[in-house]
Amino acid sequence: MTYQDFLTVVTKCIQETMGQEYRVLLHHVLKNNATPMDGISILKAGEKASPTIYLNEFYRELKDGGSIEEIVKKIKGIYETHCKKMEFPIEEFKSYEKIKGKLAVKLINYKENNAVLQEIPFRKFLDLAVVCYVLLGKIGTNMASVLVRQEYRKIWKVSEEELFLQALANTPKLLPPELKSMNVLIQEAFLEREISESEAYQEGEIPMYVLTNIMHFNGAAAMLYSDIISDFAEELETDFYILPSSIHEVILIPKVPDLEKQVLEQMVREVNQEEVDQQERLSDQVYCYWRGSGEFTV
C-alpha cells in the first residue's frame, strides 16, 4: 500500500469508526526543519479545533507488518484517552491575558526554517532562531503546543518585545532546567541507582553534561535561561563547547587543550545524519561559551 493510499484508507476508517457525530480532517503540515508530516484531527459536532494525531509513524508500523485495523484502534485509543480530554481553548486563545502564562520559547535552526520565519516573530541567536509557542499540555508522552504566528500577536495586540519578554520569563518556570552528567545519566539507567560524579568518570576522562528541561521537550532553549550556564562555568572554572544534540537538549563539554572544535563538529554532523530525526535536528555547528565575557560564539 502506498503512503497516499494509507492516508486515504486510515482517514476513511477512522471516520467510519467514529460515526457521523464526528468529522475527521486530514492535514499536511511542515514541521521543524521543513519536515513534511501528515495527521488527522477528530472533531465532535460543534468543535472548532482538536489536537492533531500524526500518521507517519503508523505507516512505518504498517510496513513492519501491522494492520489497518490495529492502527485504527490505536488512533481511536489516543483520541479517547488524550485528545478528547484536551479541549483546544479557542476563545481563551483570543485573549492575551488568558494565554500569556502559557507562552514559552524554543530554539530552531534559522536557515532550515527560513520560510516559516517569514510568518512568525523570532529573534536571531547564533545560527538559530528563538521563537515563541503556547504550551497546551500533554498528549500521552508528547507535549501539545502551538507556534505563535504574527497573526496571533496582532489579535492579542501585543508587541514583539513584550511577547518575547513574557515567553522568556515563563519558560524556566514552565519547564525548569535539568543539568546532569552524561555518564551519570547512562550509568544510573543501567545500575538503577544514584551514583556520584567520582564514580561516573575515570581519571583523565573528559566529562560531558546534558542540559535540557525536566520534560525533555524543546530543552535546548535552556541555553537561554539566565545564569544556568554561567553559574556552571564558574563552578567548574572553565569555558565550554556546546554541542546541539537536538532541539530537546544540548551537551556541554569543558574546553581542554587537546580537544579540537573541528573534531566535535564532525561528530555532530555524523550524529545528526545517522541518529537524529530531521524534525528534531538543531544545528551542525558547535558553539563556545566564554566564561570571562559570558558570550556565546559559533
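Mentor: Let us begin with the aromatic rings: rings of Phe, Tyr and Trp (its six-membered ring) pair if their centres lie within 6.5 Å, and planes over 60 degrees apart count as edge-to-face. The model is a predicted one, and by this rule the count comes to 14 aromatic pairs.

Trainee: What makes the pair of Tyr-133 and Phe-217 edge-to-face?

Mentor: The ring centres of Tyr-133 and Phe-217 are 6.0 Å apart, which meets the limit of 6.5 Å, and their planes stand at 80°, which is over 60 degrees, so the pair is edge-to-face. Because Tyr-133 belongs to strand E6 (residues 128-139) and Phe-217 to the loop between strand E9 (209-213) and helix H11 (228-236), the pair ties together parts that are 84 residues apart in sequence.

Trainee: How do you know that the length of helix H3 agrees with its number of residues?

Mentor: Helix H3 (residues 68-81) has 14 residues, which at 1.5 Å a residue should span 20 Å, and its end C-alpha atoms are 20 Å apart, so the two values agree.

Trainee: What puts the buried residues of H3 on the same side?

Mentor: The buried residues of H3 are Ile-68, Ile-71, Val-72, Ile-75 and Tyr-79. They cover an arc of only 100° around the axis, which puts them on the same side of H3. An α-helix has 3.6 residues a turn, so residues three or four places apart point the same way. The face turned away from the buried side carries the exposed residues Glu-69 and Lys-73, whereas the buried residues pack against elements including helix H1 (3-18) and strand E1 (22-31).

Trainee: What makes E1 and E3 edge strands?

Mentor: The open sheet has 3 strands in the order E1-E2-E3, with antiparallel pairing. E1 and E3 each have a single partner strand, so one side of each is left without a neighbour in the sheet. Between E1 and E2 there are 10 bridges.

Conventions. Residues numbered from 1 in each chain as written. Predicted model: local features only at pLDDT ≥ 70, side-chain atom pairs only at ≥ 80, totals over all residues. Heavy atoms only, no water. Helix = DSSP H or I, 4+ residues; strand = E, 2+ residues; numbered from the N terminus. Expected span 1.5 Å × (residues − 1). Buried < 20%, exposed > 50% of the residue type's maximum accessible area, 1.4 Å probe, protein only. Arc of directions from axis to C-beta. Contact = heavy atoms within 4.5 Å. Pairing = 2+ DSSP bridges. Phe/Tyr/Trp six-rings, centres within 6.5 Å; stacked < 30°, edge-to-face > 60°.
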